[in-house]
Amino acid sequence: MAKRGGFPGGMPGNMNNLMKQAQRMQRQMEESQKELETKEFTAKAGGGAVEVTVTGKKEVTKVKLSQEVVDPEDVEMLEDLVMAATNEALRMAEEANAEVMNKMTGGLGLGGGLPF
């Protein structure tokens, strides 16, 4: 007669291994995320006239402008260059974040849409 409840064949031991692996993966993800948050990503626009640096936390930490790009008669160009460099630096940070998530999930796509 079959036992009720439980898992035949030692499944609870396997469940413990799965839990340990999940906890280890969570720790690795947290460590990778902290490491990523301290990294900086720098992008340039206008042939290097505008340079923007952001962190992995997607915070702008530095904006560098060359003197020749500061033209009071053409503020719109400067705004466009700052925006382009900022967007590229943020894209780089996002790409690095996606790469970390792919490594952690083995490319299963489990990280899609998660806020980290």
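The model is predicted, so local features need pLDDT of at least 70, side-chain atom pairs count only at pLDDT 80 or more, and totals for chains, interfaces and linings use all residues. Residues are numbered from 1 along each chain as its sequence is written, and side-chain values use heavy atoms, with hydrogens and water left out.

Start with helix α2. Helices (H or I, at least four residues) and strands (E, at least two) are DSSP runs, numbered from the N terminus. Helix α2 covers residues 75–105, which makes 31 residues. From first C-alpha to last, α2 reaches 45 Å, close to the 45 Å expected at 1.5 Å a residue. That expected span is 1.5 Å times one less than the number of residues. After α2 comes G106, with a positive phi near 65°.

Next, look at which residues of α2 are hidden. Buried means under 20% relative accessible area, exposed over 50%, and partly exposed in between (1.4 Å probe, protein chains only). The buried residues of α2 include L78, L81, A85, A89, A93 and M104. An α-helix has 3.6 residues a turn, so residues three or four places apart point the same way.

Q28 sits in helix α1 (residues 11–38). Q28 and M104 are 76 residues apart in sequence, yet their C-alpha atoms are 7.7 Å apart. Q28 is partly exposed, at 38% relative accessibility.

T55 belongs to strand β2 (residues 50–55). T55 is buried, at 10% relative accessible area. Contact means heavy atoms within 4.5 Å. Leaving aside neighbours within four places in sequence, T55 is in contact with E37, K39, E40, F41, T61 and A93.

Now turn to charge. Side chains of opposite charge can pair when their charged atoms come close. A salt bridge is a side-chain nitrogen of Lys or Arg within 4 Å of a carboxyl oxygen of Asp or Glu. The whole structure has 4 salt bridges.

One of them joins K58 and E94, with the closest N and O atoms 2.3 Å apart. K58 lies in the loop between β2 and β3 (60–65) and E94 in helix α2, so the pair ties together parts 36 residues apart in sequence.

K44 and E51 form another, at 3.8 Å between the closest N and O atoms. K44 is exposed at 57%, whereas E51 is buried at 16%.

E95 and R91 are 4 residues apart, so about one helical turn separates them. E88, R91 and E95 are linked in a network of salt bridges.
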